[in-house]
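Q: I've got this one open on my screen. Walk me through it, please, terms included.

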Amino acid sequence: MDLAEGFRNHREKIVNKWVEYTLSTYVSSGFFVRERDTFANPVGANIRQALEKLFLLLSKGADAKEFVPPLEQIISIRSVQEFTPSQAVAPLNGVKHITREIFAADKERKQLVNELYDFEFAVDLAVLAAFDIYMHYRERLYQVRINEIKSGSHILTDSRCPSNLLPEKKIIL
Amino acid sequence: MAVPKLEQLSKSVVQGPSLATGAIPTMDWMEYPAVFKSGNYAYPAKSEKVAYLDSQSGLHFPNSREWSPEDDDWKLPADWKEIILKGLKERLEKFRSLKIFMDCCVRCGACADKCHFFLGTGDPKNMPVMRAELLRSVYRNDFTLAGKILGKMAGAREMTVAVLKEWFMYSYQCTECRRCSVFCPYGIDTAEVTMMLRELLHLVGVGINWVLEPVSNSNRTGNHMGLQPHTFKDNVEFLVDDVESLTGVRPNVSFNRKGAEVLFITPSADVFAEPGLYTAMGYLTLFEAIGLDYTWSTYASEGGNFGLFTNNETMKKLNAKMYAEAKRLGVKYIIGGECGHMWRVVHQYMDTMNGPADFLEKPVSPITGTVFENAASTKMVHISEFTADLIKHGKLKFDKSRNSHVKATYHDSCNTARAMGLLDEPRYILDHIVDWVEMPENTIREQTFCCGSGTGLNTDEIMELRMRSGLPRANAVKYVHDKHDVNMLACVCAIDRATLTSLMDYWNPGVRVCGISELLANALVLEGENRADLDDGFRTML
């Protein structure tokens, strides 16, 4: 029984637990886990899709660059929600522990727990990449705010009619 | 070292209790206080703006002061509780709908997962049923027998400062988009519950600047920006110059012209801010193409009615201004531009507030002879209805290839879709002028998702909140962007044009936002035109 087969057999179970663990960081996690329609439940569905993709990449030893699209799918959302940076990325790490627990509970595959070094190293790389992506999206958010201010929308309230720019007191010549 | 358990992982990262611990709430929802911190609330209204509004005829904005949501003490008037309860009593007597909405909810939960704020935050108090419950619990406590006797067991609670703070937080995490009401089997309009919450808060001087400053500007000069007549006129004339340099045809415009057949009113954002400017250039081009006898007004220079986001008296006053101007100028009827909540006010509230507008005539298109029976009472026709009718009668000539740089999708603006049923006219226009695709079914038409920044929440200090409440909309746009290479999000609302631009810049860079009239003008073939090759339509820099 090799590791690849272990991942294949337990993939669904691991991913499901990972998704549930990640979504448990929301108060209304029940709905986010249950509703599968991407458009009726963008947070839950995007996180599920992304973790499914990411797990495949992590378990097959893909290049870390390939982690970026699924990580963006998750972190773009979590970086505008009320999480601290560590809270935003913490659930990614959870897959290491979930995988160990599931393998350890499987009598035939217990020994695979000792072969998880590469997988766990890949998870570490994904978590590091997630910090970069978190910062990227935070910077994008600030840029959007700056763009809005520059575009003139702020004139709606934050500026005055040009006539108000004239001095309030009459200048005596 | 032992392998840390999963539970310890979240604890090791997160200090203290928080959402990321995934802990099951052990307290009743009523016991969770609203916590204000930078980024999760819009700035309070400036004291002088509130005082100014309170001094104006027909308006009531008492208790102006400097205060901050982050302070423990909001400097409420000493008798704040009496003011709120008296205000609620008056409104329950005045608005039968409010009384019904308070009584008839059975908490079936059909609305719970339909709100974009809930979907983006996962905060249970953003479920429409719960948002209404914030008010309903106080209603039960003071206005129902069961609540008076059973108290908390009957879902009742006393009005306290903490409750008031909760009202402020969640009535400004609702854009009154009314998506939830589509799914309510009883037809409860939760937006009207939010409206009442905001009205009550204004009684004790609690409101936000992004709403009250535009309201005060509109009351003073007629538009959100506080533009004075000469500035408004100059801006429109700049746009006339632009249309001329792009097409070789100079649109005729007039201002405050008595005896014109039609008064045209649009959001002032269309005449001063990108990308609305291009939509306004579209109106000018269209009206020139058909030779419409119309005028702009520098007094009714705003379609938007932020009064809708404050209280019914202000909404009534700002709406009345448009009709007063129509009467003064002696026009036959009004054509309204691509605005959102202006149309909600006109279709849902105008008739009982200021209507019927009997001094105007039932709108008839001077070009096609079509009678707009749907506007028989309000005397106000939507530009898309008017345009679709022109196309239906073959009065406009298009070269669709002029929009070949665009692959569009259509965002149903909440107010026009759900509050006036304008669903097919914009689509009919798009069919004739541009290559476009629909977003998924449960995100369009009556089920459209809000931009996330309506009702005066389009301010930059709550950008994160706007991005998460706009996620359901952006997520559907992403789908058509990835699948069909959509690069333009068309809509018929000025707030949408401003806020969806930011939403796209965050979630879907490469997707721009435009009004329908901009795309229309791109494709419109004008008599006597001398048009350069405009590879970006009306946005081309010459």
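A: Helices (H or I, at least four residues) and strands (E, at least two) are DSSP runs, numbered from the N terminus. This is a predicted model: local features need pLDDT of at least 70, side-chain atom pairs count only at pLDDT 80 or more, and totals for chains, interfaces and linings use all residues. Residues are numbered from 1 along each chain as its sequence is written, while chains are lettered from A and ligands numbered from 1 in the order in which they are written.

Q: OK. Where does B:Pro356 sit in chain B?

A: B:Pro356 is in the loop that links helix 15 (341-353) to strand 4 (380-382) of chain B.

Q: And what is the peptide bond from B:Gly355 to B:Pro356 like, cis or trans?

A: Cis, with omega near -10°. B:Glu274 to B:Pro275 is also a cis peptide bond, with omega near -5°.

Q: Where is B:Pro275, then?

A: In the loop between strand 1 (262-265) and helix 13 (276-290) of chain B.

Q: How many C-beta neighbours does B:Lys75 have inside 10 Å?

A: It has 13, so B:Lys75 counts as partly exposed. The cut-offs: a residue is buried if 20 or more other C-beta atoms lie within 10 Å of its own, exposed if 12 or fewer, and partly exposed in between, with C-beta atoms placed from the backbone.

Q: What about B:Asn256, what is its phi?

A: Near 50°, a positive value in a residue other than glycine. B:Asn256 lies in the loop between helix 12 (229-247) and strand 1 of chain B. B:Asn256 has 17 other C-beta atoms within 10 Å, so it is partly exposed.

Q: Switching to helix 20 of chain B. How many of its 14 residues are buried?

A: Ten, so helix 20 of chain B is mostly covered. Among the buried ones are B:Leu471, B:Pro472, B:Arg473, B:Val477 and B:His481.

Q: What follows helix 20 of chain B?

A: B:Asp485, whose phi is positive, near 60°.

Q: Now chain A. How many helices and strands does chain A have?

A: Seven helices and zero strands. Along the sequence the pattern is α-α-α-α-α-α-α. Of the 173 residues in chain A, 41% are buried.

Q: At what angle do helix 1 and helix 5 of chain A pack?

A: Helix 1 (residues 3-23) and helix 5 (residues 85-104) of chain A pack at about 135°, with their axes 9 Å apart. Axes are lines fitted to C-alpha atoms, for helices over the stretch in contact, and angles run from 0 to 180 degrees between N-to-C directions. Helix 1 and helix 5 of chain A are therefore oblique to each other. Under 35 degrees counts as roughly parallel, over 145 as roughly antiparallel, 65 to 115 as roughly perpendicular and the rest as oblique.

Q: Which hand is the crossing of helix 1 and helix 5 of chain A, left or right?

A: Right-handed. A crossing is left-handed if the near helix is turned anticlockwise from the far one by less than a right angle, and right-handed if clockwise.

Q: Which residues of helix 1 meet helix 5 in chain A?

A: A:Gly6, A:His10, A:Lys13, A:Ile14, A:Lys17, A:Trp18, A:Tyr21 and A:Thr22. Their partners in helix 5 of chain A include A:Pro91, A:Gly94, A:Ile98 and A:Phe103. By class, the contact of helix 1 with helix 5 of chain A has eight nonpolar, five polar and two charged residues. Contact means C-beta atoms, placed from the backbone, within 7 Å. Ala, Val, Leu, Ile, Met, Phe, Trp, Tyr, Cys and Pro count as nonpolar, Asp, Glu, Lys and Arg as charged, and the others, Gly among them, as polar.

Q: And how does helix 1 pack with helix 3 in chain A?

A: Helix 1 and helix 3 (residues 42-59) of chain A are at about 140°, axes 9 Å apart. That crossing of helix 1 and helix 3 of chain A is right-handed. On the helix 1 side of chain A, the residues include A:Phe7, A:Arg11, A:Ile14 and A:Trp18, and on the helix 3 side A:Ile47, A:Leu51 and A:Phe55. The contact of helix 1 with helix 3 of chain A divides into nine nonpolar, three polar and three charged residues.

Terms used
Two residues are in contact if their C-beta atoms, placed from the backbone, lie within 7 Å.
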